[in-house]
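Hi! Here are a few notes to read alongside the model. Have it open and look for each spot as you go.

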Amino acid sequence: MSRLLKAEFNSIYRKPKLYVLLGILVVAFGLGILIDHFVKGEPSWGYNMVNLFYPFLAIILTSDITHKEYKFHTMKNLIGSGFSRKQIYFGKLIVTLGSALAFLLVSEILKIVYALINHQFASKIYPTVEVIDGIRRLSMFAVIFIICMLIVSDGLSLFAAFMYGVVLGPVLSLGSLLAGLSQKTVDRIGAATLVSSDAYIKINVDSKTAKILSSEVIPSGLIWCALGVAVAVGLLILGYQSFKRKEFK
């Protein structure tokens, strides 16, 4: 297992793609800061730009980790080289989540920089909120991993992951609102799909300046966060069972 992990980590960290994607995240943040400077009274563009690009970058990176074997038709060779399917599946999952942590670390550093630039460090950084949101993002990475790992077609897996990571939340929210559900219920539906943190994070905004005054975790919302993690873990187990029986040419 350690040999596989070493090979997988070397494969992703020696490629320029990871650093290009991290660079895009930083550039998006810088663009948000620039917009903040010229557009007064708008809510935290630096944060918004990072949150906008994060799902796209997560999908691209996860697809690269999982699909290289399909792309070069080496999955069967990898299985025949002595690695079990369990080692391959969970080895790639560990590398995916390790890369996710790299993205999370950069994202958190950018948030601290944004708070320092706006002289709001004390009121902008909320450790509990950030930990909970980090768990949500790792869970989102895990579900995108399952999609990319089980769908052999690179294009189809990217499409399915895009629909989950980017489109599912707004579609469910819109459908729920049209069905007459309250906004609070709609937000919780979003959290249950691991694409929204609105259900368990309450943000108080200054009505005049549109700046964030405070943020806190809603205790009852932690149940929805735990539910989301449980869903991700359950899907990972089901994904492994499917991967064990998958045929490779």
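**Notes on a cavity and some rings**

1. The largest cavity has a volume of about 40 Å³. A cavity is a set of points on a 1 Å grid over the protein atoms alone where a 1.4 Å probe fits but cannot get out, and its volume is the space filled by probe spheres set on the points, joined across faces, edges and corners.

2. Before going on: this is a predicted model, where local features need pLDDT of at least 70 and side-chain atom pairs count only at pLDDT 80 or more, while totals for chains, interfaces and linings use all residues. Residues are numbered from 1 along each chain as its sequence is written, and side-chain values use heavy atoms, with hydrogens and water left out.

3. Now the rings: there are 7 aromatic pairs. Rings of Phe, Tyr and Trp (its six-membered ring) pair if their centres lie within 6.5 Å; planes under 30 degrees apart are stacked, over 60 edge-to-face, and the rest tilted.

4. Take Phe 90 and Tyr 240: their ring centres are 5.3 Å apart and their planes are at 45°, so this pair is tilted. How exposed is each one? Phe 90 has 27% relative accessibility, so it counts as partly exposed, and Tyr 240, at 13%, counts as buried. (Buried is under 20% relative accessible area, exposed over 50%, partly exposed in between, with a 1.4 Å probe and protein chains only.)

5. Phe 103 and Phe 141 make another tilted pair, 6.5 Å centre to centre with 50° between the planes. Phe 103 and Phe 141 are both buried.

6. Finally, ring pairs join Tyr 89, Phe 90, Phe 145, Tyr 240 and Phe 243 into a cluster.

Notes:
1 Å grid on protein atoms, 1.4 Å probe; cavity = no way out; pocket = protein on both sides within 12 Å on 5 of 7 lines; lining within 4 Å.
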